[in-house]
Amino acid sequence: MAELLLRPFAAIGNLTLSGLESLGRAWRLFSSAAVSIRSTDVWTPLLLPQMAKVGVASVPIALFIATFTGIVMALQASYSLTGAIPPYFVGTLVGKTMILELGPVLTGLVLAGRVGANISAELGTMRVTEQVDALETLAYDPLAYLVVPRVLAGILMFPAVVLLAISIGIAAGWFTALQLLEMSSAEFVKGLRIYFAPWDVWFAVIKSLSFGAVVTGAGCYCGLRTEGGAEGVGRSTTRAVVTACMIILCLDAFWAAVLL
Amino acid sequence: MSIRLQEVRKSFGPKPVLKGFTLEVRDGETLAIVGPSGSGKSVLLKHVAGLLRPDAGSVLVDTYSVPDLGRKELIQLRRRIGYVFQFAALFDSMTVAENVGMGLRRMPGWDAQRIAARVAECLALVDLNGLGDRYPAQLSGGQRKRAGLARAIAPSPKFLLYDEPTTGLDPVTTTVIDRLILRMSDELGVTGLVVTHDMTSAYRVADRITLLHDGRARFTGTPAEVRAAGDEVLRGFVEGDPDLYFGSGRD
Amino acid sequence: MDRRREVLVGLVVVLGIVAGVFGSIWLKGGWQRGQTELRTAATSVGVLVPGAVVKFRGVTVGRVESIEVLPSGEAVMVEMKVLPELVIPENAAVLLAPESVFGEWQAEILDRSEFGLPPFLDYPEEGVLPGAALPDFSRLTATADQIARNLTVISERFEVAFNEETAQNLKNMIDNMGVLSEGLAEIIAQQTERFEQLAEGVDASAQELGAAARAARISFEHFDSLLLGAEAETMVADAGASLRNLREVTEVAGSSLGDLRAAAQKADSIFARMDGLLTMLETPDGSFSRLLGDPALADGAVGTLAEFRALLADIQENPRRYLSFSIF
């Protein structure tokens with residue numbers, strides 16, 4: 001009986017402890033990785049390929065998502081805004097939401113699936129096939145060799161990809177407004193401009209920087225902690241994507257509270 | 001120039017793997033550690049390379065106390081240790097030549113030309129001439145092992161650690177690898193530590209053989225001594241007799 | 001391969017930066033071709049912010065660069081950047097007001113003679129245009145409320161000051177109130193026309209409102225004649241009844257007018273206050289025998305009424321400046 005009563009507490013305690021443990025491990029990994037940034041000779045040659053992999057290769061999917069988001073935003077905005085609200089608010093809504101929220105967050109979530117999973121699977125495979133150990137025995141710091149270039153590439157490339165996605169999303173919304181909603185270009189642009197603040201773009205950049213770090217960081221962390229062969233690689237890949245998505249959404253709320 | 005392990009203990013979670021393992025590998029000799037799969041042989045090897053840190057005990061390589069080394073000293077030490085992984089652990093994204101050259105690229109004073117020359121030399125040594133442009137996926141198991149060996153010896157290490165070098169290979173390739181191991185110690189004067197469960201191979205390459213049993217060194221001796229030993233566990237393992245091996249282990 | 005990768009990475013980074021920077025500039029309203037600086041001073045700038053557009057004859061010609069309170073504290077200096085080829089009229093002034101009903105504030109360069117109402121501040125410095133900020137609707141209703149309070153005070157005094165002159169003033173005042181309520185009804189009717197999409201029946205309600213105002217006007221005229229016949233009490237009762245009627249109408253209007261409701265409620269509160277004052281006039285124990293002569297106070301009331309009427313006229317002329325419905 002007493003055992004039955006204690007069980008939920010034990011479960012909560014266990015969850016807390018394992019959560020704290022993961023947090024501590026992640027902290028150790030990334031603080032060591034921060035130290036490893038000093039080994040510039042190790043990671044600089046790897047940065048460009050990683051930027052291509054993380055950034056350039058992500059452009060098509062990011063633009064695809066943004067295009068449809070823009071279209072849907074425009075259609076739904078015109079559906080929702082009726083009555084006395086002037087139609088140019090479609091432009092305002094598309095612009096504001098693309099820049100502030102959907103551009104960075106949707107891109108972040110999609111790239112968590114694409115980039116985070118890729119990194120986690122790659123590093124996970126390297127871990128279980130002892131390639132990470134091999135790096136170490138060849139006198140390479142695996143953090144400088146594997147983690148630093150990936151995370152830096154994420155931080156550098158995410159904002160560029162997100163800004164492109166935002167532009168395309170707004171353009172798609174604009175096109176939709178012209179073709180399907182019988183709005184004029186002037187109306188849409190008026191709506192876009194009326195509440196635009198340059199700070200919005202900075203906000204998007206800051207958000208995407210942090211999302212880039214989170215997606216690549218989660219990929220690296222989960223990948224390097226892979227255990228147990230192919231199944232382990234699958235597990236850590238899933239974990240990387242889920243973790244990255246959760247942190248992105250939490251960060252999204254955090255930035256909105258802190259910066260707006 | 002020796003490797004010395006004193007009372008090394010290591011547990012993974014609640015499961016103890018090494019329970020006070022003591023061993024000395026003398027300068028220039030090749031020592032084989034034998035034992036069944038899962039007995040902690042690879043774990044032992046990783047302690048020597050500083051990939052794992054012991055819970056207790058000391059690991060001395062040359063004059064370095066491995067667990068106490070800082071990042072820089074560890075890198076210094078690792079340049080003197082070659083590690084041959086069980087499944088070669090070649091980097092998939094690089095060609096064989098790039099793999100072999102990996103360890104050299106970080107060494108001061110090595111330009112591309114010198115690295116290329118050394119890579120060719122090492123590939124010739126393991127009989128992989130002309131395969132430098134292949135990717136690991138295009139190699140056979142034996143070729144991969146040899147490439148892994150070439151990568152380990154490229155920086156001219158003083159110590160070579162072999163993790164199951166002949167596992168999964170056909171008898172002929174096994175002999176080829178064994179000969180390579182002998183060549184390393186004979187021609188290059190390398191101190192070798194071979195982890196294996198293949199007794200034939202162990203007899204062939206080792207100056208001395210140690211049986212790792214239940215987290216400790218159960219028996220150490222030359223191949224002749226091993227053959228003559230009366231220890232039941234050792235005989236059980238050598239003869240592949242589970243009754244003998246486990247029977248006495250349960251006592 | 002490496003070359004290609006470099007080019008691609010560079011391309012994405014450059015495109016990203018271009019999208020961010022040029023997109024921002026474009027959204028902010030395009031490049032400002034070589035500009036001239038223009039300055040204006042006003043006693044207040046309302047809700048104008050740096051970056052707001054500057055308009056001239058309805059066309060965007062520049063942006064507000066900075067807004068600073070002068071060290072002396074007597075005025076606010078607004079700096080604007082406008083197109084260099086812009087020729088500004090001789091007696092130009094700058095009106096700071098909301099662009100639309102949605103309340104984006106802008107600075108409008110206009111010919112002072114065309115727009116006489118707000119008290120433009122003539123700042124004694126070369127090159128500084130006179131400026132003024134229009135009060136927004138909430139401030140207007142506050143003013144109206146203030147006027148009503150003043151009227152209440154007057155009515156209190158009324159009980160102690162009633163002679164022929166004050167009676168005459170009161171008559172004028174009520175006359176004005178008739179005009180005023182009619183004017184308000186008209187504005188609401190105009191607004192109704194502007195917002196065609198609003199609920200049906202708005203027109204009807206507004207017409208009712210107008211009718212009520214006209215009825216009030218007739219009552220006031222009746223009041224006028226009554227006043228001459230010295231039947232003050234009946235007259236006041238009639239005025240009260242018609243004002244109540246008017247209030248009912250605005251209530252009806254409020255319920256059917258949707259977004260116009262806010263405006264109607266504001267109007268309603270004014271009417272309620274007027275009603276209150278008339279009720280006070282009505283009270284039986286406020287005996288006229290106790291009145292003292294205080295024509296100055298009544299004159300003051302007439303003055304505030306005039307002010308209110310002027311504002312009302314302006315509302316009629318430029319309703320979008322005042323009626324900013326807070327949808328967002």
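Reader: How many bridges join strand β9 of chain B to β10(B), and how do the two run?

Author: In general, strands of a sheet pair through backbone hydrogen bonds, either parallel or antiparallel. Here β9 (residues 208-213) of chain B and β10(B) run antiparallel and are joined by 5 bridges, where pairing requires that DSSP find at least two bridges between two strands, and strands (E, at least two residues) and helices (H or I, at least four) are DSSP runs numbered from the N terminus. Within this pair, H213(B) stands opposite R216(B) of β10(B). This is a predicted model, in which local features need pLDDT of at least 70 and side-chain atom pairs count only at pLDDT 80 or more, while totals for chains, interfaces and linings use all residues. Residues are numbered from 1 along each chain as its sequence is written, with chains lettered from A and ligands numbered from 1 in the order in which they are written.

Reader: Which strands make up the open sheet of chain B, and in what order?

Author: The order is β6-β7-β8-β3-β9-β10, an open sheet of 6 strands with mixed pairing. Because β6 (81-84) and β10 (216-221) of chain B each have a single partner strand, they stand at the edges, and one side of each is left without a neighbour in the sheet.

Reader: What does helix α6 of chain B lie across?

Author: Helix α6 (residues 171-188) lies across β3, β7 and β8 of chain B, contact meaning C-beta atoms, placed from the backbone, within 7 Å. Its direction runs at about 160° to β8(B), with axes fitted to C-alpha atoms, for helices over the stretch in contact, and angles taken from 0 to 180 degrees between N-to-C directions.

Note on methods
Contact = placed C-beta atoms within 7 Å.
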